[in-house]
Amino acid sequence: QVQLVQSGGGSVQAGDSLRLSCAASGGTFSAVYVAWFRRPLHKEREQVGFIRWNEGTTGYKDAVKGRFTISTNDAKNTVYLQMNNLKPEDTAVYYCAVDPRGMGYNIWGQGTQVTVSS
């Protein structure tokens, strides 16, 4: 089974940008959807955005629309989350996840911390 290996993240100032990567290890993104989630401290996990794998269409949580972009590389073995104009409320652990059959996300990356200070 494919594993998802995340990279990127870190601590930045409000207004800065970061790019998170999610690479498929040991396989390919055989997916209906690939998504990014985040879990702020002491809060529930929430979906940030998704990409419908075959079509390439994307969708985003209202709070990040216009600031975050999900994309893939040409080989389609890495998914990116480009985050611009970061805000303190974007502080969270970010996860990528795969929904292989349209029945739910059951393959998860290891998570990466993003901290945005004002």
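The link of Cys22 and Cys96 is right-handed, with 70° about the S-S bond. Its two sulfur atoms lie 2.1 Å apart, so they form a disulfide (a pair of cysteine sulfur atoms within 2.5 Å). The count by this rule is one disulfide. Cys22 belongs to strand β3 (residues 18-25) and Cys96 to strand β9 (residues 92-99), so the pair ties together parts 74 residues apart in sequence. Strands are DSSP runs of E, at least two residues, numbered from the N terminus.

This is a predicted model: local features need pLDDT of at least 70, and side-chain atom pairs count only at pLDDT 80 or more. Residues are numbered from 1 along each chain, and side-chain values use heavy atoms, without hydrogens and water.

Now the aromatic rings. The structure holds five aromatic pairs. Rings of Phe, Tyr and Trp (its six-membered ring) pair if their centres lie within 6.5 Å; planes under 30 degrees apart are stacked, over 60 edge-to-face, the rest tilted.

| Pair | Centre to centre | Angle between planes | Class |
|---|---|---|---|
| Phe37 and Trp108 | 4.9 Å | 50° | tilted |
| Tyr95 and Trp108 | 6.4 Å | 80° | edge-to-face |

Phe37 in strand β4 (residues 33-39) and Trp108 in strand β10 (residues 107-108) are 71 residues apart. Ring pairs link Phe37, Tyr95, Tyr105 and Trp108 into a cluster.

Charges meet rings too. The charged end of Arg45 sits over the ring of Phe37, 5.5 Å from its centre. Arg19 has its charged end over the ring of Tyr80, 4.1 Å from the centre. Here, NZ of Lys or CZ of Arg must be within 6 Å of the ring centre and within 35 degrees of the ring normal.

Technical notes:
Helices (H or I, at least four residues) and strands (E, at least two) are DSSP runs, numbered from the N terminus.
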